[in-house]
Every structure is written in C-alpha cells, then in structure tokens.
Amino acid sequence: METIPLLKPYKMGNYELSHRVVLAPLTRCRSYGNVPQPHAVLYYSQRTTKGGLLISEAAGVSTTSLGYPNTPGIWTKEHVEAWKPIVQAVHDKGGIFFCQIWHAGRVSTYDFQPNRKAPISCTDKGCTPGLAGVDWSAPHRLRIDEIPQVIDDFRLAARNAIEAGFDGVEIHGANGYLLDQFMKDTVNDRTDEYGGTVEKRCRFAIEVVKAVVEEIGAYKVGIRLSPFADYMESGDSNPEALGLFMAQSLNKFGILYLHVIEPRMVIQQGNPQDTCYSSLTMRKAFEGTFISAGGYTKVDSNKVIDEDRADLVGYGRLFLANPDLPKRFSIDAPLNKYNRDTFYTPDPIVGYTDYPFLNLGN
C-alpha cells in the first residue's frame with residue numbers, strides 16, 4: 001500500500017522527520033505558578049512518535065509576558081529545571097521538541113503583571129473582551145528605549161530553552177499577541193520607526209528573530225505567524241502583503257521554518273465562510289520548511305502536502321484528543337472527539353492525559 005503524503009518522511013534542516021504530522025502549540029493552563037509540572041511529562045510523551053515534531057505550549061519570556069492563568073514560563077532557572085524532564089521524555093521516545101516562546105502583550109490584565117502595572121504593547125489601545133467577561137487592561141505603549149529589553153527577553157528565553165534541552169524555539173508571532181500587535185495596522189498606531197509602513201511595523205518582530213538567531217543559531221529557530229487572522233482585534237488591511245513581506249524578510253536569517261495559520265475561513269455575520277486569502281505566496285517566497293495549520297482534516301492535509309502547498313501540517317485539537325494521531329491516520333482509524341470545555345481547565349488529568357489510545361487488541 002502506498003504511503004499517504006502526510007506520512008512520508010521529511011528532512012527539516014538537520015532533523016529527519018518520519019512523518020509530516022506536527023503537534024501544534026496549544027495553551028493548556030496546567031503549569032501551576034507558571035512552573036511546568038510533572039504531569040506534562042506524560043502529556044507530551046503520549047503525543048511523541050519517533051521522528052515526530054512537537055511544538056510546546058507557549059512559554060512566557062518574562063514577568064510581563066503573561067496573560068492567562070497557569071501558563072508556563074521559560075525565563076528563570078526554576079523554569080529551565082522543570083522543563084528538563086518533560087523534554088527528556090520526548091527525546092527518550094525519539095521525538096523532536098521545539099519550545100514556543102511568547103509574550104502576550106496587551107492581551108493581559110494588571111493581575112498578571114508585576115506590581116499590577118499596565119501590560120505592554122505597541123499601542124495604548126486596549127482590546128476587549130477579556131477572560132470571564134472582564135476587559136483586558138489598557139496597555140502601556142512601549143517607548144523606543146524600552147523595546148531593546150523586550151527583545152533581550154526573547155533572546156534569553158531562547159537560550160534557556162536550549163539549556164532545558166529543547167531542540168529549538170518557535171517565536172510566537174501570531175494570534176494577536178505582542179509581535180502580532182506590532183505587525184498589524186489595526187493595532188499599531190505608532191508614528192515612529194516601529195509604526196506606519198509594513199516595513200516599520202514588522203521591524204520589532206524581525207529584530208526579535210535576529211536576536212534569537214544570533215543567540216542559538218538559525219537552524220534552531222522557527223516562527224509562527226497569522227497575517228490573515230483577526231485574533232484579539234489584531235487584523236490587517238492588507239494581510240497578503242504583510243505575510244509576503246515577513247516571508248521574504250525571514251529568508252535573510254536562514255531560519256529553519258515558518259509556521260502559518262491558514263486563512264481557511266473568515267467570520268461574516270457570525271458565520272464561517274470561505275476566504276479568498278491564501279498563504280501560497282508566503283510558501284513560495286519562504287526558503288525554509290513551511291508548516292501549515294488551521295483546522296485540517298486528514299483529507300485536506302494530504303492534499304496540501306501532495307500539492308506542495310506545505311511541507312508539514314500542524315494539528316491542535318485533533319492531536320489533543322488523539323495522542324496517537326499519526327497512527328490513526330496510518331490505518332484510517334476513527335478519531336476521538338475533543339471536549340472544548342476541558343481545554344483550559346487546571347486539571348492535571350481530565351482533558352489532558354485521559355484521551356484514549358487505539359485499542360488494537362493482540
């Protein structure tokens with residue numbers, strides 16, 4: 001039987017992947033006190049296959065980076081030590097593990113910030129609504145002299161991730177968080193060298209990439225972008241131009257991969273509809289590995305690989321609910337249904353490590 005495109009091997013830089021199914025980064029809210037917990041060892045190892053690529057849940061880069069309860073950090077020695085057994089469990093099963101490093105920016109409240117200060121952003125415009133119907137707190141517009149410190153936070157977080165044993169890092173530049181806020185013209189209202197044209201709006205993200213590459217090496221760096229999305233009121237008037245500019249700009253650093261959330265649908269009057277946008281121009285422009293994500297099924301992901309519109313496909317909800325997802329794809333087995341109500345609970349088992357594996361008998 002011919003191997004389906006999704007399960008064919010792929011060489012990603014120095015890494016020999018046995019298939020194209022990637023665990024996408026998923027916020028899990030089970031790192032009590034922002035410290036990764038032992039139960040994450042089981043969670044990630046359950047989803048590990050030999051030669052499979054996993055991307056961790058977003059890990060905050062500093063005390064100002066958080067916006068949700070119980071999300072992990074990667075800025076202290078305690079965080080590094082707590083991540084080590086989790087990474088080791090993935091490596092023991094032959095997996096490749098990247099740490100997503102993250103700053104929420106204005107998607108936060110005073111409660112998550114040191115000394116209850118305002119969250120930081122490219123703007124002083126807030127976004128609504130927040131968690132449990134409470135608005136996110138109005139942000140502090142970063143001054144130019146404050147920006148280098150935030151860039152350095154990403155650099156140090158990348159160094160810490162490598163110290164923890166991760167194979168590399170994925171810079172979180174998507175979903176309406178800090179880097180995305182700078183890039184999008186509906187949020188970024190600056191008139192200095194970090195605002196206005198697409199080149200200026202992307203300057204912060206590119207400087208973060210440059211700092212991380214210089215710290216750990218380009219072959220250990222990826223980035224996730226969502227130019228077409230309007231997460232957290234962060235949209236752009238010309239997303240295709242934004243995406244193309246970033247894809248082309250990243251080439252000069254030679255980073256390992258570009259991970260793009262597809263414009264698979266838009267919401268019109270409360271209903272999802274097909275969109276005319278496409279990541280294909282980004283795929284053609286970027287010279288490294290291209291990962292596509294966005295509600296893929298087995299059928300349409302096979303198609304996107306077969307048509308060379310992506311090298312790898314990231315799965316979130318399906319991989320969460322099916323820890324043996326590549327195996328299920330290989331034998332065309334039915335999939336467990338995910339329970340959205342348990343996505344972000346702090347329970348160390350329910351909705352986390354209790355999704356069943358295939359029972360293939362003897």
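Tutor: What follows is a set of questions about a predicted model, each answered by setting a value against a cut-off.

Student: Why is H6 called roughly parallel to H7?
Tutor: Helix H6 (residues 203-216) and helix H7 (residues 239-251) pack at an angle of about 25°, and their axes lie 11 Å apart. Angles under 35 degrees count as roughly parallel, and that makes H6 roughly parallel to H7. The crossing of the two helices is right-handed.

Student: Which residues of H6 and H7 meet, and how do they divide into nonpolar, polar and charged?
Tutor: From H6 come Ala205, Ile206 and Val209, which meet Phe245, Met246, Ser249 and Leu250 of H7. The residues of this contact divide into 6 nonpolar and 1 polar, with no charged ones.

Student: At what angle does H3 pack with H6, and what is the handedness of the crossing?
Tutor: Helix H3 (residues 147-163) packs with H6 at an angle of about 35°, with the axes 9 Å apart, and the crossing is right-handed. On the side of H3, the residues in contact include Ile147, Phe154 and Arg155, while on the side of H6 they include Phe204, Glu207 and Ile216. This contact of H3 with H6 divides into 11 nonpolar and 4 charged residues, with no polar ones.

Student: What makes strand E9 count as mostly covered?
Tutor: In strand E9 (residues 168-173), 6 of its 6 residues are buried, where buried means under 20% relative accessible area. Gly168, Glu170 and His172 point one way, Val169, Ile171 and Gly173 point the other way, and all are buried.

Student: How do you know that E9 pairs with E6 and with E10?
Tutor: Pairing requires at least two bridges; 4 bridges join strand E6 (residues 96-102) to E9, and 5 bridges join E9 to strand E10 (residues 221-225). Both pairings are parallel. Gln100 has Glu170 in E9 as its bridge partner, and His172 has Arg224 in E10.

Student: Why is Asn175 called buried, and why is Asp308 called partly exposed?
Tutor: Asn175, in the loop between E9 and helix H4, has a relative accessible area of 17%, so it counts as buried, the cut-off being under 20%. Asp308, in the loop between helix H9 and strand E15, has 49% relative accessibility and therefore counts as partly exposed, since exposed means over 50%.

Student: What makes the phi of Asn175 worth noting?
Tutor: Most residues other than glycine have a negative phi. Phi of Asn175 is near 60°, a positive value, and phi of Asp308 is also near 60°.

Terms used
Residues numbered from 1 in each chain as written. Predicted model: local features only at pLDDT ≥ 70, side-chain atom pairs only at ≥ 80, totals over all residues. Heavy atoms only, no water. Axes fitted to C-alpha atoms, helices over the stretch in contact; angles between N-to-C directions. Parallel < 35°, antiparallel > 145°, perpendicular 65-115°, else oblique. Left-handed = near helix turned anticlockwise from the far one by under 90°. Contact = heavy atoms within 4.5 Å. Nonpolar A, V, L, I, M, F, W, Y, C, P; charged D, E, K, R; others polar. Buried < 20%, exposed > 50% of the residue type's maximum accessible area, 1.4 Å probe, protein only.
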